[in-house]
Amino acid sequence: MSFISIGEAKNESGILFAGAGAGSGAGTFFNQYTYGGYGGGVSGGDGSHCTKYYGNLRCGTGATQTSYGTNYANSNNNGGKFYGGNCEARGYHEASGGGSGYYGGAGGDYYSAGGGGSSFINESFIKNGIIIPGNESMPSPYSFTERLIGNRGQGYVRITPIVINIEIFSPKRSCYYPDTNLTLDLILFTYNFNEVYNISRTVNSSGLQDYELIQTHQDDSQNYIFNDTFKVPSERGYYQISYFMFSESVPYYKIEDVILVNKVPEILLIGERVTVELAGISLGNVTFKCKYEDHDLYTSSEMVSSDSFVTGTIKIDIINFPISSQIHFDFYAIDELGTKSNIIQ
């Protein structure tokens, strides 16, 4: 059994109990295995596949939130408050004990299996608590994304802040063309509160007065993946994208990201001479550059493009390069926002 208490580490101070499953009985004597009851529900599971004498009556039953498990064949194996019942261990008649819990399951008798313990939540301290028995799917204690049927081995307690949040997981581009559609992929992480989440978006505004509702989602305990498509502004510059989430338990949550709206400069090679002529187009000022072996060697003067083609020249002094050798230059343009164009070689 795993439990959480307040003030002192005593069962009597516990506010949350996760019931344990029972052990299985020996399977060699009657050539069959017996199965311990699962733990952790409002009621623990009964032991099963017990011995032929008295049938399943030799198995221990699971506990509830108000009573312990019992064993019809041997009341000495009954469970109790916070503990599982003992098992019969006379000679070679090995059975298994009951699982502990808020109330414990009964132990098995004569090669039989015990019952599971029950779970309990004190609602004075814990609101919207959920109890999941060990024979149903539950969140894994080892991974936020994995689910499993019950938890094997030792009990496990994981305490995490309740943070219901959104993340953008689309790869972000260096810039987005003005007045075009942008689609972002998002994921909503939830915790099965059975709530309705309203998700809204703003562009370049930190206030709520102009947000746009983009999603309404009913929580079903599964992380929710969705996308949002909107038109980016027509003016160049940096813009803040904000997503807001509202629900009963989370009145306000916000995430933000910044995108660059810009048109990537383009260049054309006009001539291949000692003086290289280039033409480019950009929404703003543009500068031509020449790169050799990952180093910028020559730069033109800055020119105002205003979304129309401009031409510029770069003079290359070939005396600085080896004679009778092939020389590879990369030419590109860059605007005042740092966005680079295509490369011409």
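Which residue in β12 is the bridge partner of L182? The answer is in point 5.

1. Basis. This is a predicted model, where local features need pLDDT of at least 70, side-chain atom pairs count only at pLDDT 80 or more, and totals for chains, interfaces and linings use all residues. Residues are numbered from 1 along each chain as its sequence is written, and side-chain values use heavy atoms, with hydrogens and water left out.

2. Aromatic pairs. There are nine in the structure. Rings of Phe, Tyr and Trp (its six-membered ring) pair if their centres lie within 6.5 Å; planes under 30 degrees apart are stacked, over 60 edge-to-face, the rest tilted. F3 and F17 have ring centres 5.7 Å apart and planes at 15°, so they are stacked. F3 sits in strand β1 (residues 2–5) and F17 in strand β2 (residues 14–18), so the pair ties together parts 14 residues apart in sequence. Strands (E, at least two residues) are DSSP runs, numbered from the N terminus.

3. Burial. Buried means under 20% relative accessible area, exposed over 50%, partly exposed in between (1.4 Å probe, protein chains only). F3 is partly exposed at 27%. F17 is buried at 3%. Y102 is also buried, at 15%.

4. Cluster. Ring pairs join F3, F17, F82, Y102, Y103 and F120.

5. Strand pairing. Two strands pair if DSSP finds at least two bridges between them. β8 (residues 165–168) and β9 (residues 181–189) are antiparallel over four bridges. I168 has L186 in β9 as its bridge partner. β9 also pairs with β12 (residues 224–231), antiparallel over eight bridges. There, L182 is partnered by F230.
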